Structures are given as structure tokens and as C-alpha cells.
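Okay, thanks for making time, everyone.

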Amino acid sequence: MIKVITYGTFDMFHEGHYNLLKRARELGDYLVVGVTSDSFDNDRGKLNVRNNVLERVEAVRQSGLADEIVIEDYIGQKIDDIQKYDIDIFAIGSDWTGKFDYLNEFCKVIYLPRTEGISSTLLREQSTEIVKVGITGCGRMANRFPAEAGLVNGINVSAAFDIDNEKANEFISKFPDISIYSSYEELLDAVDAVYVATPHLSHYENIKQALYAGKHVLCETPMVLNGDHAKELYSIAQSNGVVLMEANKTAHCPAFNHLIVMIKSGVIGEIVDIEASLSQLMPMDQNLRELDSKQAGGAMYENGSYPLLPIIKLMGCEYRSVRFYSRMRNGVDIYTKGTLCYPKAVCSFKVGIGVKTEGSLIISGTKGYVYVPAPWWKTDYFELRYEDINDNKKFFYKWDGFGLRYEIQEFISCILNNRASVRLRPKESISMAEIMQKFGEHENFIEI
């Protein structure tokens, strides 16, 4: 049996991809196809990939030409795969001629003719509409947004609005190409989508107004602090045929997504315990929004959505109970520890704005555990640890910039492909909002 292997991104699967796979298959009896992972594409600067890895794998499978599909996840994997699958021929498009000659040491390398006049890049250029995005709320996160958006194809940050004229004027001085509007209604009329970066208590009305105006919405986390509000907003988005996405940067980080997929594949067995922490020391003597109970201040509202993320992603939304233990000051929690009990697991999280703790993520299973050091919410490294330390594995990734580029890329991809994000599903976002609501209502709450 002659085994052949080929690799590609296979974005926006087209005739050229099909022809390449067909030519590769004709070289032998068994074809292995490597599809680049989202994290590998991002590491190579490919933030313009339209389809996520699951969609691209499915497109290759639907072609009927691949006997086996693998995910390409790291530099050097081609050699590992050639040896692992006992490959006889490595085939790749002729535009790579000479690039993979080094593989001749391991198997025969053949450069296949490509289909002229068609490519994923060309299709993206011809089909990609530019999504005009407006920003409401010109604070810290908004100031990071334009530069991060500039790294993503298909988006034009064209408008901004803030009820504080001083902030709006300061913003436009930094970004003169962005037009400042005098009202939120005017901004919505001028854009296709809106990035909501206003204070927490403004999110609900900002989102609702935008959705009813037929605009896509990317909202900073926590999206809302009430489960019923979250359900209502996602329902409105669905009814109006627009995308609503919570801008939790960790949820869209390539390394975190790879971590979640690995754990769900069973690498540490059945999950029994998750511990997630995030804290920062804020100046208690300053008049900050984060310290104001009337502006939804406090550690839980400010940071809670991040440690809740791995718990909800891995354990689901059907927990049996949730409890909160908080240290309060001037009506806000400066520290909160929470526990979520599931039928076969118990999970805990810690958040602080006036108490400092180790900001790590530990996921314990029946075969081993995962350790992600601080700051785990900017995941760029994690370890799989086992009883036999010789089995331990370390994984390294890139975390670029402030991380907003990952959520922006997913947001634009969801709009252009008319789909919902699987990285933070509506039901998961709703579940986190419900937990925030339970905290706000002091359900199972103990002050310490």
C-alpha cells in the first residue's frame, strides 16, 4: 500500500482544493490530509482565515477523498506525521516548490500543479464585505480596539460615541480616522455592528437598542448581570438575524481553545475538580467605578466571568448548586470565593480586587491534571501532569497584543458566515449571567 499525505488550511473549500486532493489521492492507495488548526494559523499570522478548523475539517471530509484527517498543530509536525503514519509520498501544491525538499530524507516529495485562477485569498478578496463597526464607550478597552481590529480582515472601525464628551474628544485625538457621533442612535445608523465597551449597567440597554436596529453586537464581558436579560438579548438577536457575542478574550484565545479540546478528548480522564483564580490589587482610596456599588463594582462583577469560563466550558451549565463567600467593603466585594457542585465534580473560583491570590488554573482528573500558571486567562503555556513525571507534557503558544484580535476575528467570521460562535455559546453566556444574578441577589451567600 502506498500512503500519501498532504497539508493545507482548506479555508473556503473550493475547486482548487478538491483538485489538489484528487491529484494527491491518485499518487497512492491511502490519503492522509492534515488541516491546520486555528492556533497554528494564528501563529503564522493568518488572522484572515474565514472558516474555523471544525468547518474546514468537515469540508475535507465531505470531499470523500481523504481516508484519514489529522490536525496540524505545531512546526515540525510534518516529520512526526510522516513517521507515525508510515508515509511514502508527501504531496503539496506547486506554489511551495522547493520549500519542503528537506522531507526527502523521510519520504518522496511531489509538488502538484495547482488550479489556475482560484485561491482562498482571491475568494476572500472577492467575497468579503467590509463590516463597519462603531464603538460605544471610549474608555480603556475601546482605546485598544482599533489597533487590534487593524490586524483582522473584513472590518473597518469607522465610528465612536461616548456620553462623556471629554472622553470622546480624547478618543478622536488618538484615532482621527474614526468619526465621533453626538448620539448612540446616529452611530447605529452609520454602522453594521457595534462594540459595546460601556460600564456594566449600560450593557443591557446598549445591546438591546442595537439588536432592534438590526446591528451585530460584540459586548465586553460580563455581557449582562442578569440571566433573564441574557436570554432576552440572545432571543432578540436570533429573531433579527444578527450576531450577539460576549467579548471574553480568553474564550477566543487559541491556546485556551486547544486546552479545552484536549481535556474533552480525555487526556486527564474524568474531571473531578477545577480551581480558577484571578485577582488584582486596586487602590481602595480612589473613586473608581470598580469600587462603587452603584456602578456594579466589586470583584465578582469585574472579574468573575473569567474563572467561570473554564468551569462552564468543561462541566456545562447543569450544576447542582452554587455558593459564594465574600469579603465586603463599602458595599462591594473585594474578594469572593465561589463553589459550583456538579453530580460528579466540585469546582471553585476566586476573584479579588482588594485581596491578592495565586492566579492559576488547575483542572484535576482521574488520570492526571492540567496546570496553567498565572496569568492563565492570557493562556500561552500549560502543562499536562501525571503520576509518572516522564509522561508530563508542556505546551507553548503565542498570546499576541491585548488578545482582542482573537475575539474580533471570531466576531467578523460569525457575521460573514452567518453563524453563532462555538467558543462561547449563548447558553454558556446565559449561564454565567445567571450566576452573576445569584451573586447579586445574595443566594447562598456568606460574608466573611
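A quick word on ground rules. This is a predicted model, so to speak of local features we need pLDDT of at least 70, and side-chain atom pairs count only at pLDDT 80 or more, while totals for chains, interfaces and linings use all residues. Residues are numbered from 1 along each chain as its sequence is written, and side-chain values use heavy atoms, with hydrogens and water left out.

We have 15 helices and 20 strands; helices here are DSSP runs of H or I with at least four residues, strands are runs of E with at least two, and both are numbered from the N terminus. Along the principal axes, the C-alpha atoms fill a box of roughly 75 × 55 × 35 Å.

How much of the chain is buried? Buried residues make up 54% of the 448, where buried means under 20% relative accessible area, exposed means over 50%, and partly exposed is in between, with a 1.4 Å probe and protein chains only. The chain exposes about 20,100 Å², and carbon and sulfur atoms supply 47% of that; the areas are Shrake-Rupley, with a 1.4 Å probe, and for residues only the protein chains shown count as cover. As for contacts, meaning heavy atoms within 4.5 Å, take those between residues at least 6 apart in sequence: 66% of them join residues at least 24 apart.

Lysine 215 sits in the loop between α9 (203–212) and β10 (216–220). Lysine 215 is buried but has no salt bridge, and the nearest side chain of opposite charge, aspartate 192, is 5.5 Å away. For the record, a salt bridge is a side-chain nitrogen of Lys or Arg within 4 Å of a carboxyl oxygen of Asp or Glu; Lys and Arg count as positive, Asp and Glu as negative, and His and the chain ends are not counted.

So what lies by the lysine 215 side chain? A polar atom there is 2.8 Å from the backbone oxygen of valine 191, and there's one 3.2 Å from the backbone oxygen of leucine 188. Leaving aside neighbours within four places in sequence, the contacts of lysine 215 include Asp192, Ala193, Ala210 and Val242.

Ala210 takes us back to helix α9, where the buried residues include His203, Tyr204, Ile207, Ala210 and Leu211. Their cover includes α8 (184–190), β9 (193–196), β10, α10 (227–239) and β11. After α9 comes glycine 214, with a positive phi near 80°.

Lysine 249 is the other one, in the loop between β11 (244–247) and α11. Lysine 249 is also buried without a salt bridge, and the nearest opposite charge on a side chain is glutamate 220, 6.4 Å away. Not counting residues up to four places away in sequence, lysine 249 touches Tyr306, Trp399, Phe402, Gly403 and Glu407.

Then helix α11 itself, residues 254–264: 8 of its 11 residues are buried, among them Phe256, Leu259, Ile260 and Ile263. Glycine 266 follows α11, with a positive phi near 100°.

Last topic, salt bridges. The structure holds 16. One of them joins arginine 114 and aspartate 95, 3.3 Å from N to O. That pair links the loop between β5 and α5, where arginine 114 is, to the loop between β4 (89–93) and β5, where aspartate 95 is, 19 residues apart. Arginine 114 counts as partly exposed, because its relative accessibility is 32%.

Compare arginine 419 and glutamate 410, whose closest N and O atoms are 3.1 Å apart. Arginine 419 counts as buried at 13%, and glutamate 410 is buried at 3%. Which residues join them in a network of salt bridges? Glu55 and Arg423 are linked with Glu410 and Arg419 there.

That's my tour, over to you.

Methods: Polar contact = N/O pair within 3.5 Å; in protein donor to acceptor, adjacent residues only side chain to side chain.
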